[in-house]
Amino acid sequence: MDIESDPRLIRSLGCLAGLMALALLLLWLALRPGGLLSAVFGLVLLLVAVACFTYRHAVHVDVQSDYVEQYRRILFRERYRGFLFSSFTSVGVATVLGGDLRPVYLAHVLELRGRTRLVLPGMHFGLETARHDARKLAQRLGLPLEQRVRTILF
């Protein structure tokens, strides 16, 4: 079974960064010979846009071979990680919080729990939706569903 991230959100952010980069580069052309800072920020935003369009995150679960493989790619960096499926004992839901002093809610994610924790690709914007998807995944994998919601600070 393959679980892949939905590229729509990250590509939407990439389009926004690309449009902002284009606007800043046009501003630099209009302000020549000045406006160098605008060009630098435009190039940084262009790099962010390219990174958004090249991002991939997938998890392949093979229950019969007792193997789980995680694959991530951003720009030119690829990362593969392998796990034994038998090292995971349950499926759970985690809440992702972001911020410094007062963390705010960002999303819910599914994870495989056991000796190691593997966060699966994809986000859910609601606890009940995440629990429903976790229950379906637990049935497909033959693992129990853990009721405790873990918190991840981002």
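Which helix does Leu16 lie in? Leu16 belongs to helix H1, a helix that covers residues 7-30. Before we look around further, please keep in mind that this is a predicted model.

Leu16 is partly exposed, with a relative accessibility of 47%. Together with Leu9, Leu13, Met20, Tyr105, Met123 and Phe125, Leu16 makes up a nonpolar patch on the surface. The accessible area of these residues together is about 710 Å². Helix H1 provides the largest share of this patch, namely four residues.

Pro7 is also found in helix H1. With 29% relative accessibility, Pro7 counts as partly exposed. How far apart are Pro7 and Leu127 in space, C-alpha to C-alpha? The distance is 22 Å, while in sequence the two residues are 120 residues apart.

**Two cysteines without a bond**

A disulfide is a covalent bond between the sulfur atoms of two cysteines. How many disulfides does the count come to? The count is zero. To count as a disulfide, a pair of cysteine sulfur atoms has to lie within 2.5 Å. The closest cysteine sulfur to that of Cys15 sits in Cys52, and because the distance is 9.2 Å, the two are too far apart for a bond.

| Residue | Relative accessibility | Class |
|---|---|---|
| Cys15 | 42% | partly exposed |
| Cys52 | 11% | buried |
| Leu16 | 47% | partly exposed |
| Pro7 | 29% | partly exposed |

**The sheet**

Now for the strands. In general, strands of a sheet pair through backbone hydrogen bonds, either parallel or antiparallel. Here, four strands form an open sheet, and their order is E1-E2-E3-E4. Is the pairing in this sheet parallel or antiparallel? The pairing is antiparallel. Strand E1 (2-4) and strand E4 (77-83) are the edge strands, each of them pairing on one side only. From one strand to the next, the twist averages 15°.

To find a spot where they face each other, look for Tyr71, which stands opposite Tyr80 in E4.

How values were computed. Residues numbered from 1 in each chain as written. Predicted model: local features only at pLDDT ≥ 70, side-chain atom pairs only at ≥ 80, totals over all residues. Heavy atoms only, no water. Pairing = 2+ DSSP bridges. Helix = DSSP H or I, 4+ residues; strand = E, 2+ residues; numbered from the N terminus. Axes fitted to C-alpha atoms, helices over the stretch in contact; angles between N-to-C directions. Buried < 20%, exposed > 50% of the residue type's maximum accessible area, 1.4 Å probe, protein only. Patch = residues over 30% accessible without salt bridge, like charges linked within 9 Å, V, L, I, M, F, W, Y side chains within 5 Å. Areas by Shrake-Rupley, 256 points an atom, 1.4 Å probe, with all protein chains shown as cover. Salt bridge = Lys/Arg side-chain N within 4 Å of Asp/Glu carboxyl O.
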